[in-house]
Amino acid sequence: MRLPLITYQGLGFPLVERLLDLRTCKIRRKQLYSTTFTLIRHRWMRNIPSICAFTSKQFSTQSEKDKIDMSKFPVENIRNFSIIAHVDHGKSTLADRLLELTGAIAKTDRNKQVLDKLQVERERGITVKAQTASLFYTHQGQTYLLNLIDTPGHVDFSYEVSRSISACQGVLLIVDANQGIQAQTVANFYLAFEAHLSIIPIVNKIDLKNADPEGVETQIEKVFEIPKEDCIRISAKLGTNVERVLEEIVNRIPPPKAKTDDPFKALVFDSTFDHYRGVVASIAVFGGQVRKGDRIMSAHLGKVYEVNELGILRPDEHPTDRLLAGQVGYMIAGMKEVKEAQIGDTLFLQKHPVEPLPGFKPAKAMVFAGMYPTDQSEYNSLRSAVERLTLNDSSVTVQRDSSHALGAGWRLGFLGLLHMEVFNQRLEQEYNASVIVTTPTVPYKAILSSAKLIKEYGEKEITIINPAQFPDRSVVSEYLEPMVLGTIITPDEYIGKIMTLCQNHRAIQKNMLYIDDKRVMMKYLFPLNEVIVDFYDHLKSLSSGYGSFDYEEAGYQPADLIKMDILLNGKPVEELITVVHKDKAYSAGKALCERLKDCIPRQLFEIAVQAAIGSKIIARETIKAYRKNVLAKCYGGDITRKMKLLKKQAEGKKKMRMIGNVEVPRDAFINVLKRKDK
Amino acid sequence: MGDVMLAIRKCGAGLRRCLPWSRYILRYMSAGMTGRKIPAAPLPSEEASLYVHWPYCLKRCSYCNFNKYISRDVNHAEMRACLQLETEALLRVSQVSRITSVFFGGGTPSLAPPSTIAAILETVARRADLPVDAEVTLEINPTPMGLASLEEFRLAGVNRFSIGVQSLHDEALRVLGRDHNSQDALHTIAEAQRLCPGRVSVDVIFGRPGQTVESWEAELNELLSACDDHVSLYQLTLERGTRLFKQVEAGQLTMPGDDVTAHMYESARRILGKRGFLQYEVSNFARNGAVSSHNISYWRAGQYLGVGPGAHGRFIPHQEGAILREARTQTLEPDVWMKEVRCRGHGTRRRIQLGHLALLEEVLAMGLRLVEGVSHRLWKEFSPDADLQQVFGRSTEVQDLQKRGLLVLDDRGLRCSWGGLALLDSVLPPLLLQLQAYHDHQGASG
């Protein structure tokens, strides 16, 4: 099953180059604006002068009884915005306050991360799934419709961010007054910056004892080139100055550029699946209006639907009769499958076809991992759990896979590590599934040199997801590995250690900048493979938890990759084939052999565990033969227990994978292949 | 016979506690002497051995996870009565007509009053045929107290002592949490040997924390100079939940590695052989043919009754018209067990019927512990339709084990080689799988 995959694409090189030298941002911005930049973005998202003539009648809260008359919100009175921040900088708390202040939710002590509905979101303090909330805000006699589109904070979820951003004209960029700018702040800033959104910097947590808003504002000025004076100091927790945020949203963020007179045209920027009502699509109306009962068509599939329900999210669904230009809401139109509401698709009236909006390109999975049920008998229930979860997370690619050792399962592709972790956590928490997840790998590429192979594959450049299918050096002119541009922000005392860590991970330093008198931002170009396993854990422990890290894709680069086999008494083990960089082969081979040695039980003969590159052995461990293996005491009272043990061993033996004459328990594969627990 | 006469004389001399048992001996002997016919050898299912479990200990050994209770106020009268009642109950339900051997284990059965031992033996003799030369073993803790009661146990009818010496090093005894020292042990061996010459066994533990191959060899040699004709040697196994386990976990003690213990086992087997002790089972060695017939009957998959808290038994409950053997377990906790024996008339907590395959699996797993292995005759007793060759002969895995020199299948039967015996637990799983495969195949084809 291949699900529709959505994300921003083409952020690749232009962005990367740009980040290499921050000081050129402003100059480059102009170039990108007009020509080569390929971020999928819509014309109407561009900044427009925020001087608008407000002509609408005043909105009266009394009239908001059953259905809200959406025509009371002309485009000029609409603001669509997101909040972006590093984890724990207070995004969800600010959202709670904004919801309270505008009366969307009652003000109580219990409002904590109202928009974060998933258990994993609350536990990790992150947002995984974009949520939308429409707020009514009266300012200087005018009532405004403020659409808060809550976005995930991590770049792994930047496909969500960019989707949300495509429906916005501005963002609130939150920075913790204690911690200052962190790696994710930078990544998020650029996403918004690329999309030419109005950015309102907010310095949060000013109530804390060690808050240094002055210093953080200096950082913001230095890193983002936003004047200090533009920053708003708040305490989202205490509600301090939050009212001002609302004012600034109205003043600084332009209304969307859309006309009610145009034919109806809407962008699907998100969709969820509801078992009772089918697909619920989040839409941003780019022009015209849509009413309940309208017959609409999707540009992608050309299918016609009748609009059954329309409304705004406050944050709960609130049905309305129609949605008009510039507004953001939800729509239920009898779509049975998520792929019918393809994200990035354009909806229009059947009678009035329009030119479709440029869509999103599918998200590209960059981290792959095998996933298998702990117990094969749970395959079917796990399959339905994976299917249900991917319904609402279309960025996960699913490929059926099977392994002699682990049985039937899948090879799943994720946008990044956090994405993978969140997916697994949701599987476990929301579907109670018990899974084995293998060490993640990245998609390599090979430029084929053999004409025969090129013909076979139909192209010269192939992508390799499964290491077992890694083509031999002799038929390849070049291997390529995916790269990422990593941002590390750390107190300067850890620079030395972190530089060594980066070098050990084959990283190349691109840039280093003091963002204040003791904090440094470093940019490194990493092979993605080097950061997906334990890099972040090492960074955290090296920097006593102060270092932050984030990365973004940076295309592919040629690399000296080799295929490493693991042999047991000379016989290769298919499941353990690994693609490694030449420089890492020895240490990776040694580590694998050692891990395997520890989890293959002694047998009646000696076992050689070897790592090999071609015919060359690069590492070896030996599992000595058993010299004694017999229960000392076995009398009348011991028989039951002993028989149970023996039967279990015999049963286990049936499940052993035979590699030549060596019996390898499933657990050994699990221990070697599984991601190490943190 | 002289021993028995001695016992009678001693009883007559005033040890009234032994009277019931001695009366039985008198009766039995007089019957024999008056030429009354001794019943013909019963069918295998009509005979069984008897295991009696004494659940109490004075002190917890650091390595022991066995079913035992440290109790200061044991109700001896009630325990005796219940052991007797349960013995009767099991003899009745099994309809066993002859008890071939009795073993008093524990716990610390040498803490039981000799009169209790006598009473149980008397009950057995009253309800079934207990041949006069039947092996009656009692486990002894070699404390001065244990030493002091040896003679009384002898008079109660015990004719074999198994002494838990464990080590001749006092420091090791302390680590193991034993409540005796090496001098106590040597005295106890000597006294037991005086009472039951040629029928004394010693238990010894190797692979102890801090032990080396050299110190083990020296200790074993010393022990062999002092002991009688039977030695059981056990590698110390760390059991979860014991004090020793925790100490090793905490790094306070270090267990010798696998290679060291394998070496210890090998050298012990060699030393014992040199000193005339023939190995007859994985952990058991005997000189002058002094094997334990009670234990051999376990390894030859004989029937046995288990009496006492937590005791296991395996027999056919003929009284209920059953034809399949059952694995039975008695209620674990002594007070509860006694209550149940009183109220329900029996102390059996769990009964599991052993099917044909399960029984054959036990025959195999237990039989291969013996040096003699599973003879064709023994196998035929349990598997009249398929001989060893039919079941195992064609398996490539079995052939592989034979090629590796670990297993022998010949005209005597199926057995481990010298090397194979030390690796039995690696040899058994493929054999069990083969047995199961053969059984399934037979089932499928008819």
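**Chat on a predicted model of chains A and B**

Q: Is H89(A) buried or exposed?
A: H89(A) counts as buried, because its relative accessibility is 0% and buried means under 20% relative accessible area, with exposed over 50% and partly exposed in between (1.4 Å probe, protein chains only).

Q: Before we go on, what kind of model is this?
A: This is a predicted model, in which local features need pLDDT of at least 70 and side-chain atom pairs count only at pLDDT 80 or more, while totals for chains, interfaces and linings use all residues. Residues are numbered from 1 along each chain as its sequence is written, chains are lettered from A and ligands numbered from 1 in the order in which they are written, and side-chain values use heavy atoms, with hydrogens and water left out.

Q: Back to H89(A): where is it found?
A: H89(A) sits in the loop between β1 (78-85) and α3 (91-101) of chain A. Helices (H or I, at least four residues) and strands (E, at least two) are DSSP runs, numbered from the N terminus.

Q: Which side chain makes a polar contact with the side chain of H89(A)?
A: That of Q179(A), at 3.1 Å. A polar contact is a pair of N or O atoms within 3.5 Å; within protein, one must be able to donate a hydrogen and the other to accept it, and residues adjacent in sequence count only if both atoms are side-chain atoms.

Q: And what is H89(A) in contact with, leaving aside its neighbours within four places in sequence?
A: The list comprises I174(A), V175(A), D176(A), Q179(A), G180(A), Q182(A), T185(A), N204(A) and K205(A). Contact means heavy atoms within 4.5 Å.

Q: New topic, helix α12 of chain A. Which residues are buried there?
A: In α12(A), residues 495-504, the buried ones are I495(A), I498(A), L501(A) and C502(A). Seen down the helix axis, the buried residues of α12(A) fall within an arc of 125 degrees, so they line one face of the helix. The arc is that of the directions from the helix axis to the C-beta atoms.

Q: What do those buried residues of α12(A) pack against?
A: They pack against β23 (476-491), β24 (508-514), β25 (519-527) and α14 (535-542) of chain A.

Q: What comes just after α12(A)?
A: R506(A), which takes a positive phi of about 60 degrees. R506(A) is buried, with a relative accessible area of 17%.

Q: What does R506(A) form a salt bridge with?
A: Its partner is E530(A), the closest N and O atoms being 3.0 Å apart. The pair links distant parts of the chain, 24 residues apart: E530(A) is in helix α13 (residues 528-531), and R506(A) is in the loop between α12 and β24 of chain A. E530(A) counts as buried at 8% relative accessibility. A salt bridge is a side-chain nitrogen of Lys or Arg within 4 Å of a carboxyl oxygen of Asp or Glu.

Q: How many salt bridges over all chains?
A: The count comes to 55. Among them, E309(A) pairs with R277(A) at 3.9 Å between the closest N and O atoms.

Q: Where do E309(A) and R277(A) sit?
A: E309(A) is in strand β12 (residues 309-313) of chain A, and R277(A) is in the loop between β7 (265-274) and β8 (278-287), 32 residues apart. R277(A) counts as partly exposed, at 31% relative accessibility.

Q: Now the interface. How many salt bridges lie across chain B and chain A?
A: The rule finds seven. One of the salt bridges joins the side chains of D259(B) and K624(A) (2.7 Å, N to O).

Q: Last one: how many helices and strands has chain B?
A: Chain B has 18 helices and 17 strands, and buried residues make up 58% of its 446 residues.
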